[in-house]
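Thanks for coming, everyone. Let me put the sequence and the structure up, and then I'll walk you through the ligand site, the core and a few backbone details.

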Amino acid sequence: MRIFLAGFGVVGQSFAAQVDKRTQELVRRFGLRPRIVAVSDRGGVAADPKGLQVKRLLEVKAAKGSVAADRSFGKPGVSAAEALEESDAEVLVEVTPTDIKTGQPGLNHIMTALKNRKHVITANKGPLALALPALLELAQYNHVILRFSGTVGGGTPILDFAKKCLLNDRIVAVRGILNGTTNYILSRMTWEGVDFSTALKAAQKAGYAEADPSMDVDGYDSATKLVIIANWVMDMKVTLRDVSVTGIRNIDLREVKNAYDKGQEMKLIASIDSKLTVEPKPVARTDPLCVSGVLNAVTFKPQHGAEQTLVGPGAGGIETANAILRDLIEIKQALYPTFEV
Ligand SMILES: NC(=O)c1ccc[n+]([C@@H]2O[C@H](COP(=O)([O-])OP(=O)(O)OC[C@H]3O[C@@H](n4cnc5c(N)ncnc54)[C@H](OP(=O)(O)O)[C@@H]3O)[C@@H](O)[C@H]2O)c1
């Protein structure tokens, strides 16, 4: 399968390395031979219809800062959208930075690919939070597949679990801890009795929080993931505007201690019932949702069966790259279901 990789940072490089390392296994087990025919970053594009060498891409990126600096295949200054129009890639893997205000540049990349009848896999939450219902319709209209399992829970298959394993039932409510950074901060406040700003600094030092932590601590990262769950798992047609969001910035240490004394812990809970909400709430320590540190956890409430809780690491370059690979295998199987091992 011919792949256009938009974004060559932590996730993009990790995905390329995985593809390179596991090609033989993918051919043997799934009849899938991934071939990266174009890669883009902010400096431009590198493209070769015969397939680019991953080792060489990584070396050029490390040495020169951009894949476009490759002497044979580089096209400095060419945008991903321009290159996509001309590319014969069958699948776009979109892993540029998340922007929840405009969705760009990912939104443009995804729309260009879908309109050009290319399948799309993305780990970029911005375009989905703003326009997932429209993007799913565009994919359907063009008879192509849009997948995004790495956007929620990193490598933990939260979306696939709810969509496929609970297929026989209907999910009527969801409660989850969808952001590892805020959970780490709240865990430190709970267990070490430190205030919010001290816990935030510890999260930044440990590499869990960005220098600008607002996406996480103000609740918007959780809200974007909630929107994706609502659309994909519960067939709702909602965007970020439909979520009521309160972050953890103003949490007082006394609230955290009071909850603890009552056998509870303060958590940033993202929930869907009659409405979509992200807000700090006390959770009983006996609740399976009450996980510590950077873990994520989601409880699905089906209409007929018992509640199910899934726990796992919420992010990470390798985990997310693996989720992208899972989506790629799924697209291959949907297109060519008759492959036999
Ligand atoms: N890292 C994780 O654990 C994780 C987990 C789940 C989801 N995600 C999501 O996955 C996406 C990628 O994350 P990341 O950690 O890999 O980010 P990253 O390291 O910042 O990499 C982003 C890449 O996108 C490129 N880029 C930026 N603007 C571009 C443009 N206009 N056209 C083409 N390329 C452009 C950057 O180019 P330069 O290299 O030239 O700067 C870089 O290669 C984000 O949306 C993120 O939210 C990440």
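Start at the ligand. One of its oxygen atoms is 3.1 Å from a polar backbone atom of Gly-9. I call that a polar contact, meaning a pair of N or O atoms within 3.5 Å; within protein, one must be able to donate a hydrogen and the other to accept it, and residues adjacent in sequence count only if both atoms are side-chain atoms. Side chains join in as well. Arg-42 puts a polar side-chain atom 2.8 Å from a ligand oxygen. For Thr-98, a polar side-chain atom also lies 2.8 Å from an oxygen atom of the ligand. On its own, the ligand has 910 Å² of accessible area, and the protein covers 76% of that. Those areas come from the Shrake-Rupley method with a 1.4 Å probe; for residues, only the protein chains shown count as cover.

A word on what you are looking at. This is a predicted model, where local features need pLDDT of at least 70, side-chain atom pairs count only at pLDDT 80 or more, and totals for chains, interfaces and linings use all residues. Residues are numbered from 1 along each chain as its sequence is written, and side-chain values use heavy atoms, with hydrogens and water left out.

Back to the site. There are 23 residues around the ligand, and Val-11, Arg-42, Lys-61, Thr-96 and Thr-98 come nearest. To be near, a residue needs a heavy atom within 4 Å of the molecule. The shell divides into 8 nonpolar, 11 polar and 4 charged residues. Gly counts as polar here. Helix 1 (10–30), strand 2 (35–41) and helix 12 (317–335) each supply at least two shell residues. Helices (H or I, at least four residues) and strands (E, at least two) are DSSP runs, numbered from the N terminus.

Now the core. In soluble globular proteins, nonpolar side chains tend to be buried together. A nonpolar core here is a set of buried Ala, Val, Leu, Ile, Met, Phe, Trp, Tyr and Cys residues joined through side-chain atoms within 4.5 Å. Buried means under 20% relative accessible area, exposed over 50%, and partly exposed in between, with a 1.4 Å probe and protein chains only. The largest core has 71 residues, and those touching the most other members include Phe-4, Ile-185 and Phe-300. Helix 10 (residues 220–234) gives the most to this core, with 9 residues. Apart from it lies another core of 30 residues, among them Val-39 and Ile-331.

Helix 10 also holds Asp-221. Is Asp-221 buried or exposed? It counts as buried, because its relative accessibility is 6%. Skipping residues up to four places away in sequence, the contacts of Asp-221 include Lys-125 and Asp-216. Contact means heavy atoms within 4.5 Å.

Thr-112 is buried, at 10% relative accessible area. Beyond its neighbours within four places, Thr-112 is in contact with Ala-81, Leu-84 and Glu-85.

Last, the backbone. The peptide bond from Gln-104 to Pro-105 is cis, with omega near 0°. Pro-105 lies in the loop between strand 5 (91–94) and helix 4. Arg-117 is not a glycine, yet has a positive phi of about 60°. Arg-117 counts as exposed, at 51% relative accessibility. Asp-235, not a glycine either, has a positive phi of about 55°. Asp-235 is exposed too, at 59%.
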